[in-house]
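Have your viewer ready and your selection tool to hand. We will walk through the model a few residues at a time, with a stop at each.

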Amino acid sequence: MKKLLLLAAALSAAAFTGSASAQQQQQLPSEFAPAVAAKPAGGPAKNANYVIDPTHTFVMYEMGHYGTTTNRGRFSTKDGSVQIDGTGASGKVDITMDISSINTGVDLLNRHVQSKDFFNVAEFPTGRFVADRIDISGDKVVDVPGKLTLMGQTRPVTLKAVRFNCYLSPLINRQVCGGDFETTVERSDWGITWGLNFGFENKVRLLVQVEAVNVQ
């Protein structure tokens, strides 16, 4: 975790310094893009340990209601790790999510989904995704079959890669790998049943963006 915090601090500091002049920094505090391009870095390295970058790792959900629009929210991650085995074709994942960080964009809805009707964050403030296998083909992660723990209950979930890439970060000169992953689950499997009988759908689409830094 200490390495992760140091890397995150380095990323933020380097991006901030390289993005604008001092005056521009005050006017545009959110402009943190690096001034140089990233370089390709092959696929996940064999026997490598990666730490999750929490500034680029989030879990989004989409749930339809009343057959009209889609409710959306996002969780932050607290920490996590990815280990690639000696073959480079598999590995392990362990990511902890901060469920109490949920943001729907509407304060009243935030409080509702944090309540016992949904995620009961007072009793279950975190969630966890653990996988003992990563399916890697060539230099790309294809999917990650694992187990998702929410509300104290653990169920199997397979994350399918929509995109995946590794690059050499121009900010910290380390390999970073990541991508976008998706799956669809039924929330009732974790005991989240509020609204099922009057228009809030059971199926929930999860969209996961992940970036992890090679710390070896």
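**First stop: N214**

Select N214: with a relative accessibility of 10%, N214 counts as buried (buried means under 20% relative accessible area, exposed over 50%, partly exposed in between, with a 1.4 Å probe and protein chains only). Before you go further, note that this is a predicted model, in which local features need pLDDT of at least 70 and side-chain atom pairs count only at pLDDT 80 or more, while totals for chains, interfaces and linings use all residues. Residues are numbered from 1 along each chain as its sequence is written, and side-chain values use heavy atoms, with hydrogens and water left out.

N214 belongs to strand β11 (residues 203-214); strands (E, at least two residues) are DSSP runs, numbered from the N terminus. Now show what surrounds N214: leaving aside neighbours within four places in sequence, its contacts (heavy atoms within 4.5 Å) are A45, A48, N49, Y50, R174 and Q175.

Colour β8 (residues 140-150) and β9 (residues 153-168), which run antiparallel and are joined by eight bridges; two strands pair if DSSP finds at least two bridges between them. Look across from L148 and you will find R155 of β9. In the hairpin of β8 and β9, two residues lie between the strands, and M151 in the turn has a positive phi of about 55°.

**A loop stop: D139**

Pick D139 in the loop between β7 (135-137) and β8. D139 is partly exposed, at 38% relative accessible area. Leaving aside neighbours within four places in sequence, D139 touches G42, G43, P44 and F164.

How many salt bridges does a search of the whole structure find? There are nine, each a side-chain nitrogen of Lys or Arg within 4 Å of a carboxyl oxygen of Asp or Glu. Show R163 and D180, whose closest N and O atoms are 3.4 Å apart. This pair links distant parts of the chain, with R163 in β9 and D180 in β10, 17 residues apart. R163 is exposed at 58%, whereas D180 is partly exposed at 30%.

Finish with E186 and K203, whose side chains meet in a salt bridge (3.3 Å, N to O).

Definitions and conventions
Helices (H or I, at least four residues) and strands (E, at least two) are DSSP runs, numbered from the N terminus.
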